[in-house]
Amino acid sequence: MPRFSVIVPAYEVQPYLSECLRSVLEQDFTDLELIAVDDHSPDACGALIDEAAERDPRVRAVHLAENAGLGRARNAGIRRATGDYLLFLDGDDTLAPGSLRAIADRLARTGEPQVLVFDYARVDWTGDPVRNVRAGLLREGDPGCVRQVFRLDQRPELSRLLMVAWNKAYRRDFVREGGFAFPAGFYEDTPWTFSVLLSAESIAVLDRVCVHYRQRRRGGILRTTSRRHLDVFDQYDRVFRFLDARPELAHWRPALFRRMVDHLGVIAAAPDRLPVRARAEFFRRAGAHHRRYRPYGAATPPGRARWRSLLLRLGARWAFELLRSGGRGWRRVVALGPVGYARLRAVALWAHYRVQLCLPLDPRLAVFAAYWHKGYACHPAAIEAKVRELVPGAGTAWITTPEYAHTLPPGVRRLHPGSAAYWTALARARFLVNNVNFTPGLRKRPGQIHLQTHHGTPLKHMGLDLLDRPAAARGMDFGKLLERVDRWDYSLSANRHTTLVWERVYPSGYTTLPYGSPRADVFQHATEDDVARLRARLGIPAGSVAVLYAPTHRDYQRRPGPRLDPERVARALGPGFTLLVRPHYFQGFQDFQASDGAMGSACGRVLDVSGYGRVEELCLAADALLTDYSSIMFDYANLDRPIVVHADDWDAYRAARGTYFDITAAPPGPVSRTEDELIALFTTGAWCGPRSAALRAVFRARFCPYDDGRAAERVVRRVFLGERHELLPPVVPPAERRPAPAAVRTPAADHDRSGDGRTAPLAGSVCAPPAVSLPHRSRPH
């Protein structure tokens, strides 16, 4: 007897049916039978089901002699089911990966309840899933806070969920003993769902997306124009007959009445569902149902819903239509109001900016920004801090939104993008510093100094090199780009490779400052105590090897997605490792999560650090860096700690974006091509072996020649103080350049082997090499 019987009715869903069946058969939980019911579909659904049955013995094909409708097709599947639990899945929907295992685990933890309710996500034609807006109702909580198994009376809020059959698992003996079956007609889920939930003595919930509910652009049953939408009245007749036969459920009548009124209102407000001649009948029957089933003393809903309820009660079709049309008109007015206001505001700010351009520059004011106003970060942050330290009387302002206001240090004024103060500062500031370009509306004045810091050392193609890379350029206006480049007075560079690239792909008359990486200065000044505080703040367990996973963005992917499974990697590495996940700023931590939105099942060894402000501090806290093609590797090399490059899609990335050199041929450390290879690099000790140290030394000598901890100071002395001596910093030999704190940690491993066949060191020892000491703090001449 299988654990699950998954019942899939199919009628005119041939474009989606194969994907639906695969989503069930490819689950990692395999104890199932798939009952696919061909509801006498006129297309190829029957043939697709037969082909699936030939390939997989778990598929049971059922062909109905005539079209019976969705409800009766499900009943046919129920009669043939043999599993412990029944699940329903429409032929154009899919099961999320890992769903059946999550359902099975939850059923076991909650003592085999009669019904398990789980969540779903709507998926439109773009393929983007959007989780149910009422997902919060499915909270599981702690056993002492929220009931794990209950009756509907104990969690009545669940009645507000979408009343469908496919977001639940049903114990088959409960369905059989209760005699539950789907009725004919549209909206067949309504009487089934209310009857099942009100009858169940044990209900549990699973706070996880298990079904991807396809929102078809056209052709969905409930989006068709048909008289069959009048079936909704018969379905609610069945619901209230069920209540009438069970006096102990009478207290549910007001709630079900409200659900009925809301449901009828939704159908009435969608004029394309009913033919014109059927709308009059709909309103007559709506009025009759309202009067028949309205409980005595039922409360009147507030706001506009009150009028809609009243008009349905009266069957006042034309008044309802007028109210609906008036509502649409009012919504248009409301929508146009902000547009008009925005235009007036834009004109006023343009005039304000023009006035400010006529006023003198403020020689003490410096305006900073980074990453399109995403907070205090990168090279501009290091330079801003050094300005406050070295420039007497300087005033600094940072452009960012309220979301990132907490990242600003004390004494730094915040400018809201697009505000009057923002335009005033851009017009009158002597210094402008950014790692991206300022707004195209900026008019650079004589006497203003614009410093472009960039993001870091380029591996991928940038600027004019994207002319033949349409996937990466994405409609970039290169003429406008060069106009903004012409505003630069200085361009920061960390090494010779970067200088040569910037001056070629951003051709203009600026002065290059080959001064090193200001954001990496902190690596030479931090102490072991600083690192210990950072690790404690991040929640890294004492003695654990912290691996910072920081991948870059993929231009060739329409939607971002994880290149590896952090949970699997953390489980494979074991309790001696902690994985810090830092997505690219174009992405979010949710792009690395499972479809249920859950993360962290590997005993808390996967930490979300996507919201942590300063990536440099994450580097200090980490014992090793795991990246792909991100420029973070060039800065992290200053720490002389292990770097692992995961290049699983190197050929695709290089073809789509273009790169300046082959990172797999000249890497800063070991390279993996698959997730299994990556895990092996860590479990064998190759990640920190002698070959890793040798690769890192060559890489560091090439790309970190000036990083002695004084890059920001050199920039400030040249740009803000006008000191022209010592244009080039001294090249720091690798042997003299020391990283900041503490020894590289390795997990306990009596029998682990390093990459060269030597036994890896025990816990608490240094993964040799490198030999790490306190920072080198000598000052250049």
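1. Start with Arg 702: its charged end sits over the ring of Phe 661, 4.8 Å from the ring centre. "Over" here asks for NZ of Lys or CZ of Arg within 6 Å of the ring centre and within 35 degrees of the ring normal. Arg 155 does this too, with its charged end over the ring of Phe 150, 4.8 Å from the centre.

2. A word on the basis. This is a predicted model, where local features need pLDDT of at least 70 and side-chain atom pairs count only at pLDDT 80 or more, while totals for chains, interfaces and linings use all residues. Residues are numbered from 1 along each chain as its sequence is written, and side-chain values use heavy atoms, leaving out hydrogens and water.

3. Next, the aromatic pairs: there are 31 (ring centres of Phe, Tyr and Trp, the last by its six-membered ring, within 6.5 Å; planes under 30 degrees apart are stacked, over 60 edge-to-face, the rest tilted). Trp 166 and Tyr 213 make a tilted pair, with centres 4.8 Å apart and planes at 40°. Trp 166 is buried at 2% relative accessibility (buried is under 20% relative accessible area, exposed over 50%, partly exposed in between, with a 1.4 Å probe and protein chains only).

4. Trp 488 and Tyr 510 are tilted as well, at 45° with centres 5.5 Å apart. Both Trp 488 and Tyr 510 are buried.

5. One aromatic cluster takes in Phe 88, Tyr 170, Phe 174, Phe 180, Phe 182 and Trp 192.

6. What about disulfides? The count is zero, going by cysteine sulfur atoms within 2.5 Å. Cys 358 is exposed at 68% relative accessible area, whereas Cys 619 is buried at 2%.
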